[in-house]
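Please look over the sequence and the structure shown here.

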Amino acid sequence: MLHTVQEDQSQPTGGLEMLLNAYLQGKEGKRLMVRSPRHPLDTGKVLLAPENGADVYLTINHYLQAIVESELAKGVQAAGGLGGWAVMMDPYTGEILALAQVPTFDPSHCADYFNDPTLIEHTKVKAVTDCFEPGSIFKPITIAVCMKANEELVKKGKTPLFSIDEKIPCSNGWFPGRSAPLKDARVHPYLNMELAIQKSSNVYMARLIHRLIETLGAEWYRKTLSEVFGLGQKTGVDLPAESTGLLPTPGKLHPNGKLEWSLPTPYSLAIGHNILCNSLQLARAYAILANGGLAVQPHLVRKIVKNGQTIVDRTPYPIGKQILSPAITRPIVRAMKFVTKEGGTSKRADILGYTEAGKSGTAEKIVDGGYARDHNISSFVGFAPAHHPRFVLIVSIDDPERKIIPGVGKHQFGGVCAAPIFREIATRALQYLGVTPDDPYGLAPGDPRRDVKKADWVAEIEGLKSLYEKWNR
């Protein structure tokens, strides 16, 4: 993120050092020198005074950065992954509070990295340079798009696409243009929106998108993903080399001559496939859900001061434009609270003593233009506390070890390998920030303060469980 300068030429190697070089480098002065054999000391007149470089103040919180770095390193090692990265961001201001990756880049030995083909990869800020298919962490975005479609249809005096309480059949995974049916981890004959998020149903998401395409069309779907969530375009974060990602466009051809958007594309997009995102794009999308639908601009630079004068100032940060209504974001946040509880796919992300909302995702890596079925990018993204959150946090693991954990499941799933890292970072961060526990009875077994009857979300979990059993006997 910071990078450094080359020792011999003082040229930036990347990161903020490169982006802000014009502010940081200062200017050399000029002096008219007069020398005499009788006077060993130089004398002369200053023709041009030197200028010091500016002072740059970042949004990074050093304590949170240390927490994220240490827990990410431990988590990647525990996951047996090739590496990983994490971004923590304020969902209201867009300030990036922490940005870390493993393996790390040591700027003091930059030459070693740039001269070694096996190490140069670590000089990139992977949260902004590397794109991947998000997989199931995309599903809350799908729900938001369909709820926005509901609002559009109601304005036109038409019937909404769906109701969040609607009992939707999900056993048939066949959709137009697909050569094979979509499948869930297990068959769920009927689901509503909350159950679909909790169980991470592929079929439910595709079912909603099928209705959307038939009603509003592919162009509307693509436009909403782009204009509301900023997908397929850079976030504009103050770091160089940010990837745009890929959001397919109807009618546009790939370099190989094939259409980016074909008949089955919407159903792939619904579950986070056939789209490429960087982690900062996804953190921003979740910030929009977390903050009640406000646009945010991710940024690292808080202010720049030169010679005592503030020349760049992003404090206080202006309130963003309302791009989603709270009527959309509130039910989605409520649904994501079920994900980390009993019956959800990410119980390992449960922060003891606090509430949280989030979603896990697992996607196959793209290698040489094709899917590598034995290699994954596994993620968890969420925020805490669930209401009025202090941060959004995304954790991604590159190629976690593939194995079965008895009583837990497949280790490569984001809800198994990435979720615990989210939990550990979030727990320490909330304690450091002095956030009062909003689930004081939801503690670990054996803790005398634990009371399962008073813990947050107990009644809601039991209600959803009963509904699932009633519909899926």
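Which residues are buried in α15? In α15, the buried residues are Ile461, Leu464, Tyr468 and Trp471, where buried means under 20% relative accessible area, exposed over 50% and partly exposed in between, with a 1.4 Å probe and protein chains only. The model is predicted, so local features need pLDDT of at least 70 and side-chain atom pairs count only at pLDDT 80 or more, while totals for chains, interfaces and linings use all residues. Residues are numbered from 1 along each chain as its sequence is written, and side-chain values use heavy atoms, with hydrogens and water left out.

**Helix α15**

- Seen down the axis of α15, the buried residues fall within an arc of 100 degrees, so they line one face of the helix; the arc is that of the directions from the helix axis to the C-beta atoms.
- The exposed residues Ala459 and Lys470 sit on the face of α15 turned away from its buried side.
- The buried residues of α15 pack against β7 (190-191) and α7 (193-199), where contact means heavy atoms within 4.5 Å.
- Helix α15 (residues 458-471) has 14 residues and should span 20 Å at 1.5 Å a residue, which agrees with its end C-alpha atoms being 20 Å apart.
- The expected span of a helix is 1.5 Å times one less than its number of residues.
- Helices (H or I, at least four residues) and strands (E, at least two) are DSSP runs, numbered from the N terminus.

**Salt bridges**

- Side chains of opposite charge can pair when their charged atoms come close.
- The count comes to 19 salt bridges, each being a side-chain nitrogen of Lys or Arg within 4 Å of a carboxyl oxygen of Asp or Glu.
- Arg428 and Glu71 form a salt bridge through their side chains (2.9 Å, N to O).
- Arg428 lies in helix α14 (residues 419-432) and Glu71 in helix α3 (residues 62-79), so this pair ties together parts that are 357 residues apart in sequence.
- Arg428 is partly exposed at 35% relative accessibility, whereas Glu71 is buried at 8%.
- Lys341 and Glu356 form a salt bridge, with their closest N and O atoms 3.6 Å apart.
- Both Glu356 and Lys341 lie in the loop between α12 (326-337) and β10 (357-367), so the pair ties together parts that are 15 residues apart in sequence.
- Glu356 and Lys341 are both buried.
- Glu342 and Lys347 meet in a salt bridge (3.7 Å, N to O).
- Glu342 is exposed, at 55% relative accessible area, and Lys347 is partly exposed, at 44%.
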